[in-house]
Amino acid sequence: MANTYDFGLVGLGVMGRNFILNVADNGFTAFGNDLDQEKVNALIEEGGDKSKVNADVDAAKFVASLSAPRKIMLLVPAGKVVDIVIESLLPYLDEGDIIIDGGNSFFTDTDRREAYLKEKGINFFGAGVSGGAKGARKGPSIMPGGSREAYQFVKPIFEAVSAKYKGEPCVTYLGPKSAGNYVKMVHNGIEYGLMQLTSEIYDLLKKAGNLSNQELHKTFDTWSKGRLQSFLVEITATIFDQKDDLTDGDLVDMILDKAKQKGTGKWTSQNAMDLGIPVPTIDIAVSMREISALKDERIKADALYDRPTPENVVKDSLVKKAEAALYFAFIITYAQGMHQLADASKEYGYELELGEIAKIWRAGCIIRAALLADITEAFKADAELPNLLVSPSFVSKVKETVDSARELVAYGANNGIPLPGLSNALTYFDAYTSNRLPLNLIQAQRDFFGSHTYERLDRDGIFHTEWES
C-alpha cells in the first residue's frame, strides 16, 4: 500500500531492527529497507502485523510506501555506505522529503551531504543515537541537528521512541548543520574517557587491594547506587558477576586485553586539538586502546623490566579512595567534553545549549549518569559557564574528592600500576586551576630560536629579545 507508513528506515541490522520496532511500539507505522532479504524477513516476522511494520529490499517500493514528506532514517555504517544509500534513494524522492543519518558519521561529512541534498530540495540532518541495541529497542538518547523546520516533522516520532528521564524525552533539536553528529562524537569521546577510568580503578583494586571478582561486583554495585550511579558503573558490576561458559572461571578474566575502537574517540581528540581545547583524559583513553593493541610487544617488554610489588593497603580505605577518585575523574571528563562542545558551537555556528545536551544524556545513552542532572542544573544557572570546574555547584564536589585522586596517582606511580586516565585528569585539574604555569619559559625558548616574540606581565604589547647578544 503506497503512502501509508509514517516512518522509513534503511539498514535492518540489530540497531535498525530494534529502532523500527520501537517506532511501531509507540503508535507509528514503519517501513524498513535492506539489501539482505533475510533481514527484511526477520523484521516482518518480528513485527507481526504488516499494517504496522513492513519491509522490502526494493528501494522504489520502500520510498513509495511512505507518507509525504517522507521521513527516512539511515542506520548503516558511517562512510561511503551512507553516500551509496543516499544515491540509491534519490531517484524516488520528492522535494521536501527528509533523510536522517542515524549513524556515527564524521561531522564534516554531514555538512557536505546537507549542502548536496539541499540543492536537490531534500532535507538532510544527522541524528546521533546512543544506547546500543537495547536502547534502540527500549528508548535511546537521540541527538538531532540540521534543519529546524524539517525536524518538526520527525519530532513527534523521536520524542515518542526516546528514553525518558522523569517523563522528559531524551531528545531535542540541537542546532543547524552537523550539530547532532558533532554532539554524538563528543558523547563518544566522553564515553572513551569514562571507560578508561573505570578500567583503571578496576586494575588498582585488583592489584593493590587484591579484590576478588565477587568483591569487585559488590563494590561497583554499591557505587552504582550512590553518586557514581551511571550506566557504565552498573554494567561493570554485572560483568564481574558473569561466569564463563567455557571454563570454570569468571568471564572477565578470560577476555583478551586488547580494546578495539571505531574512531569516534579519535575524532573527538583530533578535533579538540584543531580547536585548541584540552581534553587529555579523552586523548589518553584513545592512546591506551592503541597501546592495548600492542599485545605481543607488551609481553616481550614486560619480561625485560622489573615491576614493584604493590605495597600493602587497607582494603576498605582503598575502596573508599577509589570511589572518590573515580567520581573526581568522571567530573573532569565531562568538564572536558562540555568545554569542547562550547567552543565548537562558536566555531561552527551550532548555537548549542549545553544544559539541553546534558538533559538528553540523563537517560538512554551510554554515558548516562546521576552527574548529568547536576551538570544540567549548572548550565541552567549559567548558560555561559566556560567550564564545570568554575561552577559553584561543582567546586565542593571536586574539593571533596581531589585528594583521593592525588593519593592514588602517587600510589600507582610508586607501585608500577598505570593510571594514565586518572593521572591526566588530575594534571588537567592542577593546570586549569593554576594562575601561573611555566609556559613563560616556552615562550622565551620560542623567541630565542625562532624570533616568535612574547607578551609581558607588566605591560601591553608584543616583544622580542636578541638573546645571544
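This report describes the overall build of a predicted protein model and then some of its residues.

**The chain as a whole**

The protein chain is divided into three parts: domain 1 covers residues 7-173, domain 2 covers 184-433 and domain 3 covers 439-468. Between the C-alpha centres of domain 1 and domain 3 there is a distance of 55 Å. The secondary structure of the protein chain consists of 20 helices and nine strands.

The C-alpha trace spans about 75 × 70 × 45 Å along its principal axes. For 469 residues, a compact globule would have a radius of gyration near 23 Å, and the 25 Å of the protein chain agrees with that. Of these 469 residues, 51% count as buried. Among contacts between residues at least 6 apart in sequence, 69% join residues at least 24 apart.

The accessible surface of the protein chain comes to about 22500 Å², and carbon and sulfur atoms hold 52% of this surface. The chain carries 51 positive and 65 negative charges, and the mean positions of the two groups are 3 Å apart.

**Residues one by one**

| Residue | Relative accessible area | Class |
|---|---|---|
| R113 | 2% | buried |
| L211 | 4% | buried |
| H339 | 18% | buried |
| T453 | 27% | partly exposed |
| S451 | 45% | partly exposed |

R113 belongs to helix α5, which runs over residues 107-118. Is R113 buried or exposed? R113 is buried, because its relative accessible area of 2% falls under the 20% limit. Leaving aside residues up to four places away in sequence, R113 touches G79, V82, D83, I86, D101, S105 and F124.

L211 sits in the loop between α8 (179-207) and α9 (213-223). Beyond residues up to four places away in sequence, L211 touches L205, K206, L216, T219, K315 and V319. L211 and G189 are 22 residues apart in sequence, and their C-alpha atoms are 29 Å apart in space.

H339 is part of helix α15, made up of residues 315-348. Its relative accessible area is 18%, so H339 also comes under the 20% limit and is buried. Which residues does H339 touch, not counting those up to four places away in sequence? They are I277, P278, P386, N387 and Y428. One of these contacts, P278, is 61 residues from H339 in sequence, while the two C-alpha atoms are 8.6 Å apart.

**Backbone geometry**

Most residues other than glycine have a negative phi, and most peptide bonds are trans. The peptide bond from A68 to P69 is cis, with omega near -15°. P69 lies in the loop between α3 (59-64) and β4 (71-74).

Where is S451 found? S451 is in the segment after α20, a helix of residues 439-450. S451 is not a glycine, yet its phi is positive, at about 50°. With 45% relative accessibility, S451 counts as partly exposed, because that value lies between the 20% and 50% limits.

T453 is found in the segment after α20 as well. Its phi is near 70°, a positive value in a residue other than glycine. The relative accessible area of T453 is 27%, which means that T453 is partly exposed.

Notes:
Residues are numbered from 1 along each chain as its sequence is written. This is a predicted model: local features need pLDDT of at least 70, side-chain atom pairs count only at pLDDT 80 or more; totals for chains, interfaces and linings use all residues. Side-chain values use heavy atoms; hydrogens and water are left out. Domain bounds come from an automatic or database domain assignment. Helices (H or I, at least four residues) and strands (E, at least two) are DSSP runs, numbered from the N terminus. The radius of gyration is taken over C-alpha atoms; the globule rule is 2.2 Å times the number of residues to the power 0.38. Buried means under 20% relative accessible area, exposed over 50%, partly exposed in between (1.4 Å probe, protein chains only). Contact means heavy atoms within 4.5 Å. Accessible areas come from the Shrake-Rupley method with a 1.4 Å probe; for residues, only the protein chains shown count as cover. Lys and Arg count as positive and Asp and Glu as negative; His and the chain ends are not counted. The place of a charge is taken as NZ of Lys, CZ of Arg, CG of Asp or CD of Glu.
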